[in-house]
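Trainee: Hi! Could you walk me through this structure in simple words?
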Amino acid sequence: MKKLTLLIAATLCAGMAHAAPLKKCVDDKGRVYYGDAIPADVLDKCRSSSELSREGMEKKKTRYLTEEERKAREGEAAQQKLDEEKAKEQKRRDKALLDTYASEKEINLSRDRNLQAAQTQIDGSQMRAKSAQDRAAELRKQAEGFAKIKKPVPAYLNEELKRAENEFRTSSETVAKWREEYKDIQARFEEDKRRFRELKGYPPEQPAAAAPQAPVKTTK
């Protein structure tokens, strides 16, 4: 009888040694699940899982992220990637800036050339707008002359007036566009100069001092 008992115990121990490790899962509501294999629908809710030793001790514990934590981590990863791309682009722009200009004087010369080109566009568009405006005014007078004598305005006159008004509108819009471009050129080159000084290790550029005003003379 004693020999039979020892044989059964040995058999049970051997079976436990070869059995799959027991798994433990804690879901998002704190409920605990045990089993040789955790069902897939339970695993989806797990916040942590672990394997248990034969003595019931936890090992190989794994903690799963909550939905909020996962989204936060994804956001951090996306922001990090964006920052890396910005840094890479800034490095490229810095290299191009230093390769293009050797001094602030060269930056100023390039700025002035670009501003002059923009100003030429502004002046030309203003002249076209003024010419179209004057032509439209003259055509309106002619149309008013026909109205005074109670005659219909000729079709050609209406067409010419329409063309003049369209040209004035288009030229005026072009003037506004190039004025914005003029401001953008100034801002871009000011930023280029600031960054150039920074890369070269120069001190920040000091704002120009205001010109002294002449004293006001008083009469007695």
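Mentor: Happy to; we will go from the whole chain down to single residues.

Trainee: Where do these coordinates come from?

Mentor: This is a predicted model, where local features need pLDDT of at least 70, side-chain atom pairs count only at pLDDT 80 or more, and totals for chains, interfaces and linings use all residues. Residues are numbered from 1 along each chain as its sequence is written, and side-chain values use heavy atoms, with hydrogens and water left out.

Trainee: What is the mean pLDDT of the chain?

Mentor: The mean is 82, and 78% of the residues reach 70 or more; pLDDT is the predictor's confidence in each residue, from 0 to 100. Over residues 1–18 the pLDDT is below 50, and beyond near neighbours in sequence this stretch has 2 contacts (heavy atoms within 4.5 Å). Where pLDDT is low, the predicted coordinates should not be read in detail.

Trainee: OK. How many helices and strands are there?

Mentor: The protein chain has 5 helices and 4 strands. Both are DSSP runs numbered from the N terminus: helices are H or I with at least four residues, strands are E with at least two. Along the sequence the pattern is α-β-β-α-β-β-α-α-α.

Trainee: What share of the chain is buried?

Mentor: Of its 220 residues, 19% count as buried. Buried means under 20% relative accessible area, exposed over 50%, and partly exposed in between, using a 1.4 Å probe and protein chains only.

Trainee: Let's look at helix 5. Why do you say its length agrees with expectation?

Mentor: Because its 46 residues (155–200), at 1.5 Å a residue, should span 68 Å, and the end C-alpha atoms are 67 Å apart. The expected span is 1.5 Å times one less than the number of residues.

Trainee: And helix 4?

Mentor: Helix 4 agrees too: its 45 residues should span 66 Å, and its end C-alpha atoms are 65 Å apart.

Trainee: What covers the buried residues of helix 5?

Mentor: The cover includes helix 3 (67–100) and helix 4 (104–148). Among the buried residues of helix 5 are L157, S171, I185 and F196.

Trainee: Which residues make up the largest nonpolar core?

Mentor: L97, Y101, I107, L115, A118, I185, F189 and F196, 8 residues in all. A nonpolar core is a set of buried Ala, Val, Leu, Ile, Met, Phe, Trp, Tyr and Cys residues joined through side-chain atoms within 4.5 Å. Helix 4 and helix 5 are the elements that give two or more residues to this core. Apart from it lies another core, of 6 residues, including A143 and L157.

Trainee: What does Y101 touch?

Mentor: Leaving aside neighbours within four places in sequence, Y101 is in contact with E106, I107, S110, F189 and F196.

Trainee: F196 again! Which residue does F196 form an aromatic pair with?

Mentor: Its partner is Y202, edge-to-face, 6.5 Å centre to centre with 65° between the planes. Rings of Phe, Tyr and Trp (its six-membered ring) pair if their centres lie within 6.5 Å; planes under 30 degrees apart are stacked, over 60 edge-to-face, the rest tilted. F196 is buried at 0% relative accessible area, whereas Y202 is partly exposed at 40%.

Trainee: New topic: where is K150?

Mentor: K150 sits in the loop between helix 4 and helix 5, and it is exposed, at 77% relative accessibility. Its phi is positive, about 60°, although K150 is not a glycine. Most residues other than glycine have a negative phi.
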